Amino acid sequence: MTDDIQTDNAPDEGAPLHPEQKQYDDHYFKILESVLMQCRNYKSRFGGGSGSGLTLKEFQTLYENDPFYHWIGLDSPLMYAAHKAAGGITSVYRQIGIACQRIFNRMLHDHLGLSSEEAAWSYVIESRRLSLDGRIEIDKVRDAAAQRRVKQWICDAGRSAGLSEDTLQGITGCVFEVRQGYKSKDSKRQNADIANASNAYVHKYIPAIILFSKQIDSDLAKRYKERHWIILTGTTNGSSTESTYAFCRDVIGYDLANFCERHSEDIKKLLKDLLETLISPEEPV
């Protein structure tokens, strides 16, 4: 049996939010806004190596001076716009993922009282320092009710991952890899994630992937679950060991789904303005 995400406790439309709630909302929205705004000035480098990318005029000069590209019309502003849009969309997905990481990590501070050091996790292997996007250690959660929620979730998650009771007894917390979605078939990234999971268990943590969307490749999800990753996706129903939004509400203590619903129109407008900028050959104003 799974529990649907409850939104009955959401503030009535038009009703003022509690000042503390509004403070959290404003902060999380600003994280998303500031990260996305970095995409507005995206320009393709057109094989020019490092740098900020070419303007429309620089692109046309480059392509007009290439006889073949000029003959077939690739020096068109539409081609510049297409390059800008293609690279820009990749940047948008990447920046959304960064925003998700930062919002989730901030929630660990705001609602579980964890310090920056306590909410972070990294380890060293072969002289390289690798890190994940968040950590909750049971003993570091000072609020008794929140600590009980975390402890119960770790037990439930561990059992759903097929851990033995002996292994569960030694688990001290959980660590998180946070993404907006995960459809990449990049074998290097997968192998790194599997190595992260192994190292998490060595350090007595359960590893969990937090996805803000429902987008994850089914073969990849199967492979990760076989390596005892907990995978939480952006479904609006399911238990806290299945749904990112149920986990945030029931374990962390913040209703992230309601935040997204309350700010949906503002976020859509932000993204619409950004996409219109990216598909235009003109420089952003």
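Which residues line the largest cavity? In this predicted model, the lining is made by Asn41, Tyr42, Lys43, Tyr80, Lys84, Glu282, Glu283 and Pro284. Three of these residues are nonpolar, one is polar and four are charged. The cavity has a volume of about 30 Å³. The structure holds one cavity of 30 Å³ or more.

Next comes the largest pocket. Its volume is about 820 Å³. The lining of this pocket takes in 30 residues. Nearest the centre of the pocket lie Tyr93, Ile96, Gly97, Cys100 and Gln180. Helix H1 (19-36), H4, S4, helix H10 (256-262) and helix H11 (264-278) supply at least two residues each. H4 gives the most, with ten residues. By class, the lining of the largest pocket divides into 16 nonpolar, nine polar and five charged residues.

S4 also belongs to a sheet. Four strands form this open sheet, and their order is S3-S4-S5-S6. The pairing is mixed. At the edges stand strand S3 (134-137) and strand S6 (230-232), each of which pairs on one side only. On average, neighbouring strands of the sheet are turned by 25° against each other, with direction ignored.

Look now at one pair within the sheet. Strand S4 (residues 173-179) and strand S5 (residues 205-211) run parallel, and seven bridges join them. Cys174 stands opposite Ile206 in S5.

Helix H7 (residues 187-202) lies across S4 and S5. H7 runs at about 140° to S5.

Strand S1 (residues 121-125) and strand S2 (residues 128-132) pair in the antiparallel sense, over five bridges. Trp121 stands opposite Leu132 in S2. Val124 stands opposite Arg129 in S2. Two residues lie between the strands of this hairpin. What phi does Glu126 take in the hairpin of S1 and S2? Glu126 takes a positive phi near 50°.

The last stop is a helix pair. Helix H5 (residues 144-160) and helix H9 (residues 244-252) pack at an angle of about 135°. Their axes are 9 Å apart. That angle makes H5 oblique to H9, because angles over 145 degrees would be needed for roughly antiparallel. From H5, the contact uses Arg149, Val150 and Trp153. From H9, it uses Phe247, Asp250, Val251 and Ile252. Five residues of this contact are nonpolar, none is polar and two are charged.

Notes: Residues are numbered from 1 along each chain as its sequence is written. This is a predicted model: local features need pLDDT of at least 70, side-chain atom pairs count only at pLDDT 80 or more; totals for chains, interfaces and linings use all residues. Side-chain values use heavy atoms; hydrogens and water are left out. Axes are lines fitted to C-alpha atoms, for helices over the stretch in contact, and angles run from 0 to 180 degrees between N-to-C directions. Angles under 35 degrees count as roughly parallel, over 145 as roughly antiparallel, 65 to 115 as roughly perpendicular and the rest as oblique. Contact means heavy atoms within 4.5 Å. Ala, Val, Leu, Ile, Met, Phe, Trp, Tyr, Cys and Pro count as nonpolar, Asp, Glu, Lys and Arg as charged, and the others, Gly among them, as polar. Two strands pair if DSSP finds at least two bridges between them. On a 1 Å grid over the protein atoms alone, a cavity is a set of points where a 1.4 Å probe fits but cannot get out, and a pocket is an open set with protein on both sides within 12 Å along at least five of seven lines; lining residues have an atom within 4 Å of a point. Grid points are joined across faces, edges and corners, and a volume is the space filled by probe spheres set on the points.
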